[in-house]
Each structure stands twice: as structure tokens, then as C-alpha cells.
Amino acid sequence: MEFRKVDVKAGTQIEYMSPELLFLAQSGQPYRGTLYVHFTSKGESFNLMDFKKYITSLRSVTLTAENIAYEIYGTIGKNVDVDALGVIVDLTARGGIQQRICFGEEFTPVKKQNIFQVY
């Protein structure tokens with residue numbers, strides 16, 4: 001999948017988070033989780049609509065849990081030129097076991113609540 005590039009100031013620290021990660025295990029059962037991506041811009045990032053479509057496209061992909069972070073890392077690396085790229089995937093528990101898969105640069109993800117308030 002191709003991501004359209006977006007110009008940003010070089011050196012900008014960028015982090016994306018999506019709680020909507022879903023892909024298929026070898027057994028055909030779904031893995032669900034939260035995706036965190038962090039990098040330092042070299043003057044570009046990617047279009048968020050394209051990234052959302054990519055995340056959604058993973059729903060039809062069969063991967064082992066241990067390879068999902070590498071798959072996402074590789075796709076981002078092919079589409080934009082960045083420094084210090086890191087990917088973390090926090091999978092929801094299956095069979096009572098929770099997994100965190102990391103690839104690339106280490107970082108501590110920022111976790112924000114998705115809260116919408118109506119007054």
C-alpha cells in the first residue's frame with residue numbers, strides 16, 4: 001500500500017496511536033490490539049487517511065502475532081523517510097495471555113483517552 005506524503009518540519013517527533021488494530025491469526029481467529037508508532041521526521045510524514053486505510057486493510061491479512069509489528073514497520077519504512085522509527089503492538093489477551101510486540105527504536109507510548117463530552 002502506498003501512503004501519500006505530507007511535508008512537516010524536519011526533526012519533529014511524531015507519534016500515532018490506533019486502538020483499532022485487527023488482523024487474523026494462522027488459525028483464522030482475530031487478533032485485536034492497539035498500535036503505537038513513533039518516529040522523528042526527516043521532513044515528511046504520511047497522510048492519515050491512507051494510514052487508516054492501511055490499518056483497516058490488515059483485517060484481511062493472516063500473520064503471526066510476533067510478526068505484526070515488523071510488517072507495519074516495513075510498510076511505513078517503504079513509504080516515508082524517517083529516523084528512529086519504532087512500532088509497538090499491544091494485543092488484547094487471548095487465552096489469558098497478553099502480548100506486547102515491539103520492533104525498531106524503543107519508546108514509551110503515550111496513552112490518551114478517547115473521550116467525547118457533550119454539554
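Two strands pair if DSSP finds at least two bridges between them. Strands themselves are DSSP runs of E with at least two residues, helices are runs of H or I with at least four residues, and both are numbered from the N terminus. The model is predicted, so local features need pLDDT of at least 70 and side-chain atom pairs count only at pLDDT 80 or more, whereas totals for chains, interfaces and linings use all residues. Residues are numbered from 1 along each chain as its sequence is written, and side-chain values use heavy atoms, with hydrogens and water left out.

Consider the strand pairing. Strand β3 (residues 30-41) and strand β5 (residues 82-94) pair in the antiparallel sense over eight bridges. Within this pairing, L35 stands opposite V89 in β5. Strand β5 also pairs with strand β6 (residues 97-104), again in the antiparallel sense, over seven bridges. In β6, Q99 is the bridge partner of L91, and F103 in β6 stands opposite V87. The hairpin of β5 and β6 has two residues between the strands, and G95 there takes a positive phi near 65°.

G33 lies in β3 and is buried, with a relative accessible area of 4%; buried means under 20% relative accessible area, exposed over 50% and partly exposed in between, with a 1.4 Å probe and protein chains only. Not counting residues up to four places away in sequence, G33 touches S18, P19, E20, L21, D90, L91 and T92, where contact means heavy atoms within 4.5 Å. G33 and K112 are 79 residues apart in sequence and 15 Å apart in space, C-alpha to C-alpha. T34, also in strand β3, counts as buried because its relative accessibility is 17%. With the residues up to four places away again left out, T34 touches M17, S18, P19, I88, V89 and D90.

Leaving aside its neighbours within four places in sequence, S45 is in contact with R4, K5, V6, V8, I14, Y16, F39 and V80. With one of these, Y16, the side chain of S45 makes a polar contact, side chain to side chain, at 2.9 Å. A polar contact is a pair of N or O atoms within 3.5 Å; within protein, one must be able to donate a hydrogen and the other to accept it, and residues adjacent in sequence count only if both atoms are side-chain atoms.

Y16 also belongs to the lining of the largest pocket, together with M17, S18, P19, E20, L48, M49, F51, K52 and I55. A pocket is an open set of points on a 1 Å grid over the protein atoms alone, where a 1.4 Å probe fits, with protein on both sides within 12 Å along at least five of seven lines; lining residues have an atom within 4 Å of a point. β2 (13-24) and α1 (48-57) each supply at least two residues of this lining.
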